Amino acid sequence: MKIKLIAHLLLALSSPAFSAVYSAGHGDIGIAYEDGDFFFHYHLGSTATLDSLPVGNPPDGEEFEPSAITVLVPQSTMLTLPNNATLNNGTGVAAGGSIWILPQVESSGVPFLGFATEELGSEFANITFALGAVTSPSGSGNFSLWNNDSFGSPQFQFSTNDPSGTANGNNTFTIPVATHAHYNLGFSETGTWDIEMTVSGTHNVDGPQSSTRNFSFAVVPEPTNALLLSLGSLVLLRRRRA
């Protein structure tokens, strides 16, 4: 893999450094094992939209450092929650309250973000993702991640409101290597979020491995283009998939 510099749009957010805006199409929070270390990263597909343009070649997309990307959660993802105790407790949003959800199923004009272990082989077995510190715009917002079972019932993997109610009771979930999975990602308020995650697994020769990174999300209360204000001269590190 090689690193290259690209110019990018400035996003008018209050939060850490400016970064490129991932606003639509398929992408994954992925994990690879390189030179004895985990590489915890974004892998955006070639048709994913980054700074209003398709990621493009190569056909299997591009890889990026987490700090280089802000995932956009557009106003169109806002829903009013029904009265459902499991859903309300897991999301931390009461019945009748608003939540912004990146959905488990693909939807036009919205990031379709999964979790991928497709770059790992039989040197690992299962890979565990764990939720760390969550910084919300107000300091009291709730972040959650869940999938729907075959009966349509929510099964929470992450919940800042009710960690004990998650599938493993501790804000973790595990997926096999050489696969990927999609979940609903829920945000209880608008603004810029910083989500810390740790990925871990055991290499059959090198032993236990882990990596902790922070991922940024911008939940917008108004049409997306109101936040994309100007071209900037800053640059970011972009990793091309080998």
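**Aromatic pairs**

I searched the whole structure, a predicted model, for aromatic pairs and got 16. I opened Tyr33 and Phe38 to begin with. Their ring centres lie 5.8 Å apart and their planes stand at 80 degrees. Planes over 60 degrees apart count as edge-to-face, so I logged this pair as edge-to-face.

Next I asked myself: are Tyr33 and Phe38 buried or exposed? Tyr33 has 19% relative accessibility. The cut-off for buried is under 20%, so Tyr33 counts as buried. Phe38 has 10% relative accessibility and is buried too.

I then looked up Phe115 and Tyr183. The ring centres are 5.9 Å apart, with the planes at 75 degrees, so I noted another edge-to-face pair. Where do the two residues of this pair sit in the chain? Phe115 is in strand β10, residues 111–116. Tyr183 is in the loop between β15 (180–182) and β16 (184–187). They are 68 residues apart, so I marked the pair as a link between distant parts of the chain. Phe115 is buried, at 1% relative accessible area. Tyr183 is buried at 6%.

**Nonpolar cores**

I turned to the largest nonpolar core, which holds 44 residues. Which residues touch the most other members? I listed Tyr42, Ile69, Phe115, Ile127, Phe129 and Phe217. Strand β2 (residues 20–34) gives the largest share of this core, with 5 residues.

Phe38 I already had from the ring pair with Tyr33.

**Glu65**

Glu65 sits in the loop between β6 (62–64) and β7 (69–73). Is Glu65 buried or exposed? I read 18% relative accessibility, so Glu65 counts as buried. What does the Glu65 side chain make a polar contact with? I found the side chain of Arg213, at 3.1 Å.

Key:
Residues are numbered from 1 along each chain as its sequence is written. This is a predicted model: local features need pLDDT of at least 70, side-chain atom pairs count only at pLDDT 80 or more; totals for chains, interfaces and linings use all residues. Side-chain values use heavy atoms; hydrogens and water are left out. Rings of Phe, Tyr and Trp (its six-membered ring) pair if their centres lie within 6.5 Å; planes under 30 degrees apart count as stacked, over 60 as edge-to-face and the rest as tilted. Buried means under 20% relative accessible area, exposed over 50%, partly exposed in between (1.4 Å probe, protein chains only). Helices (H or I, at least four residues) and strands (E, at least two) are DSSP runs, numbered from the N terminus. A polar contact is a pair of N or O atoms within 3.5 Å; within protein, one must be able to donate a hydrogen and the other to accept it, and residues adjacent in sequence count only if both atoms are side-chain atoms. A nonpolar core is a set of buried Ala, Val, Leu, Ile, Met, Phe, Trp, Tyr and Cys residues joined through side-chain atoms within 4.5 Å.
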